[in-house]
Amino acid sequence: MVLGGGGVAGIAWTVGLLAGLAESGRDVTGADLIIGTSAGSVVAAQLGSGLGFDEMFARQVDPVLQAKEIPADLDFDKFIEFEGRLLELAAAAKTVPEAERRAVIASRLPTHTWSSRDIRLVAVDLETGEPRVFDRKSGVDLVDAVAASCAVPGVWPPVTIDGRRYVDGGVRSIENADYAAGAARIVIVAPMGVDLPMPVERPLRVVVEELRAGGAEVVVIAPDEASVAAIGTNPLDPGTRVPAAQAGRAQGKATQGV
């Protein structure tokens, strides 16, 4: 299972979607491998915690349980302006302190310990531009790995791990689904849809074609019309959590072919 990025709205929508699928008898979270990028890294870590869907959903819609997010804007035009130079944008931007952002990530996770499940979280090295995949064997703290995968260039600070700085795995690909190559069946959850309003190194359409050419059965789930409206134009807005989670749950219940 591949869980893509999409801000706080993407976290809420993915949780709702997975809950809705499970309610309709199509729980896909028992996958042998879970790959998470950005928002998907948060959901992957929550799944690894053993938290049930009711609790995961409540953490999105109940104000008492919601993580205390820092409001921010996601400027797609800025990403287009810095096409091919997102690492430059990440290095130069003035953001909240790294420790303040890390506290937000920590509050999103019900446990700060890696699961025994095969969960892999993708980030990108700020200096080299090379991707790094964190898992329980990497020796990296789970909160740091999730924070790195969620460090949107120009919005949140790069995350320091073992003397190196990392940014959002979405710089390479919003889903990084190619890391699932070799699996017989792959379910890709793409909160930002298939056609992004921003350039990435590994577009989803290209990766899906490659995976299918390699013999994999690939199912892509992107937001339906109601979910697109609920996620809105700024997926970093904490106000999107409740409508996105509810729309995702409704879509999950109605989704066929998974």
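In helix α8 (residues 204–213), the buried residues are Leu204, Val207, Val208 and Leu211; buried here means under 20% relative accessible area and exposed over 50%, with a 1.4 Å probe and protein chains only. Because these residues cover an arc of only 100° around the axis, they lie on the same side of α8, the arc being that of the directions from the helix axis to the C-beta atoms. Helices are DSSP runs of H or I with at least four residues, and strands are E runs of at least two, numbered from the N terminus. The model is predicted, with pLDDT of at least 70 needed for local features and 80 or more for side-chain atom pairs, while totals for chains, interfaces and linings use all residues. Residues are numbered from 1 along each chain as its sequence is written, and side-chain values use heavy atoms, leaving out hydrogens and water.

On the other side of α8, Glu209 and Ala213 are exposed. The buried residues of α8 pack against β7 (185–189) and β8 (217–221), where contact means heavy atoms within 4.5 Å. Just after α8 comes Gly215, with a positive phi of about 100°.

Turning to helix α2 (residues 39–48), this is where Gln46 is found. Gln46 counts as buried because its relative accessibility is 2%. Its side chain reaches the backbone oxygen of Arg108 at 2.9 Å. Leaving aside neighbours within four places in sequence, Gln46 is also in contact with residues including Val15, Leu51, Met56 and Pro110.

Conventions: A polar contact is a pair of N or O atoms within 3.5 Å; within protein, one must be able to donate a hydrogen and the other to accept it, and residues adjacent in sequence count only if both atoms are side-chain atoms.
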